[in-house]
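Hello,

Here is the structure I promised to pass on. Have a look at it first, and then read my notes below.

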Amino acid sequence: MQAQELTNFDDEELSESGIQCPVCLSFLCQPITLSCKHSFCRLCLLKSTRLSPDGRTCPMCRAAIEIRALPEQPVDAELDARVKQRVPCAIHAEREVTNAAEVEAYLKQQLHNLPVFAMYPGTKVGQHVQLHFFEPRYRVLIRRAWEGAKLFLYASETPREGRQAVVVQVVDAQFQMDGRCNIVGRAIEEVKMEQVWVEEGTCGLVYARCSHSGSSNADSPGRGVSAHSTSFRSSAEDFPSNPLPLFCLANEVGVGERSALTFFERRYLTLAQRILDADRAAEPLFLWGPSRHAGATATVVRVENWEMQEPGEVRVRLRGIYRATITSSEEDSEVPGLYYARVRRSSGVEHSTASISRRQTKKICVIQ
């Protein structure tokens with residue numbers, strides 16, 4: 001089949017030649033081939049995954065799309081060459097320019113019209129953010145953000161026109177088979193929500209059109225740090241005999257390793273306050289592990305020094321001293337979400353619990 005024969009783009013001939021996009025039914029433009037072997041125009045795939053209720057699935061067979069960023073994915077070079085062999089150069093070039101412009105407009109729109117995640121107490125410019133998305137609307141949020149500009153808004157209260165929010169740039173997203181997602185991001189700019197609406201077909205996901213406030217992040221690591229810092233002494237590393245507060249986050253520090261955390265969530269500010277305000281004869285210790293459940297392992301860490309940051313942040317520098325197994329845990333009756341745990345070393349020595357209190361707070365923590 002010669003190039004001139006495709007001038008009218010006969011569907012049957014395009015299909016037989018294997019260069020037809022199943023979405024637009026025209027020839028493939030910037031073709032992307034998925035692991036399921038179905039191929040689409042880049043623009044068509046972007047649009048279809050945006051409209052899809054479950055996000056990144058193949059429009060043909062509903063297989064999961066494993067490509068991390070469709071706008072940046074290289075084209076299928078072999079398929080692209082076949083298209084160019086069969087489609088007149090002028091027609092192909094015109095379509096390529098048009099599609100590229102639409103992709104650019106699509107991405108540009110996402111810089112101003114952003115999905116909104118709302119949860120008290122929000123975040124602040126410069127902070128690192130870790131979130132677990134499980135609600136259907138927020139599964140749509142992270143899919144769309146990850147497919148596009150990797151941005152979303154974080155609001156501390158119900159989104160309303162004229163209210164402030166913080167733009168979060170997604171650094172990494174780990175998708176689970178059921179659609180839930182763990183993300184790591186950074187708050188980069190404060191904006192005002194000028195227009196707010198619920199996007200159709202997204203299970204109630206709120207979108208907002210933003211105006212820039214000029215409050216962007218400075219990369220200085222010492223932002224807002226007060227001149228208050230205390231170093232703790234090193235003492236005999238006897239295994240703790242009291243229940244310890246638990247900081248839940250995967251990839252905990254290893255034994256002998258040093259790390260730093262910035263706390264701004266209420267439950268972890270309480271954690272820091274309690275261990276730092278305790279009797280100075282006691283070791284400033286807490287647990288760092290991925291789970292509070294019995295049988296989970298965690299690292300006992302010692303706070304070596306701390307700094308007050310404004311507003312409402314505590315940065316602690318710490319070192320891992322023991323690996324421990326959680327035998328039981330109990331939620332604080334004054335601070336829901338803050339847990340204390342009994343632990344044992346490999347020797348199997350048990351440690352008794354003390355009375356613990358409870359209170360509610362929202363889940364957010366940061367690591368730097």
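A word on terms before we start: two residues are in contact when they have heavy atoms within 4.5 Å of each other. Please also keep in mind that this is a predicted model.

With that in hand, let's begin at threonine 325, which sits in strand β14, running over residues 313–331. Which residues does threonine 325 touch, once its neighbours within four places in sequence are left aside? They are Gly295, Ala296 and Thr297, together with Arg342, Val343 and Arg344. Histidine 293 is 32 residues away from threonine 325 along the chain, and the C-alpha atoms of the two are separated by 9.7 Å.

Next, helix α4, which covers residues 89–109. With 21 residues at 1.5 Å a residue, helix α4 should span 30 Å, and this agrees with its end C-alpha atoms, which are 30 Å apart. Its buried residues are His92, Arg95, Asn99, Val103 and Tyr106. Looking down the axis of α4, you will find these buried residues within an arc of 70°, so they line one face of the helix. An α-helix has 3.6 residues a turn, so residues three or four places apart point the same way. On the other side of α4, the exposed residues are Cys89, Ala90, Glu94, Val97, Glu104 and Lys108.

Finally, the confidence. The average pLDDT of the protein is 76, and 75% of the residues score at least 70. Residues 1–7 have a pLDDT below 50, and this stretch makes 17 contacts in the model beyond near neighbours in sequence. Residues 346–368 are also below 50, with 97 such contacts in the model.

Enjoy exploring!

Best wishes

Key
Residues are numbered from 1 along each chain as its sequence is written. This is a predicted model: local features need pLDDT of at least 70, side-chain atom pairs count only at pLDDT 80 or more; totals for chains, interfaces and linings use all residues. Side-chain values use heavy atoms; hydrogens and water are left out. Helices (H or I, at least four residues) and strands (E, at least two) are DSSP runs, numbered from the N terminus. The expected span of a helix is 1.5 Å times one less than its number of residues. Buried means under 20% relative accessible area, exposed over 50%, partly exposed in between (1.4 Å probe, protein chains only). The arc is that of the directions from the helix axis to the C-beta atoms. pLDDT is the predictor's confidence in each residue, from 0 to 100.
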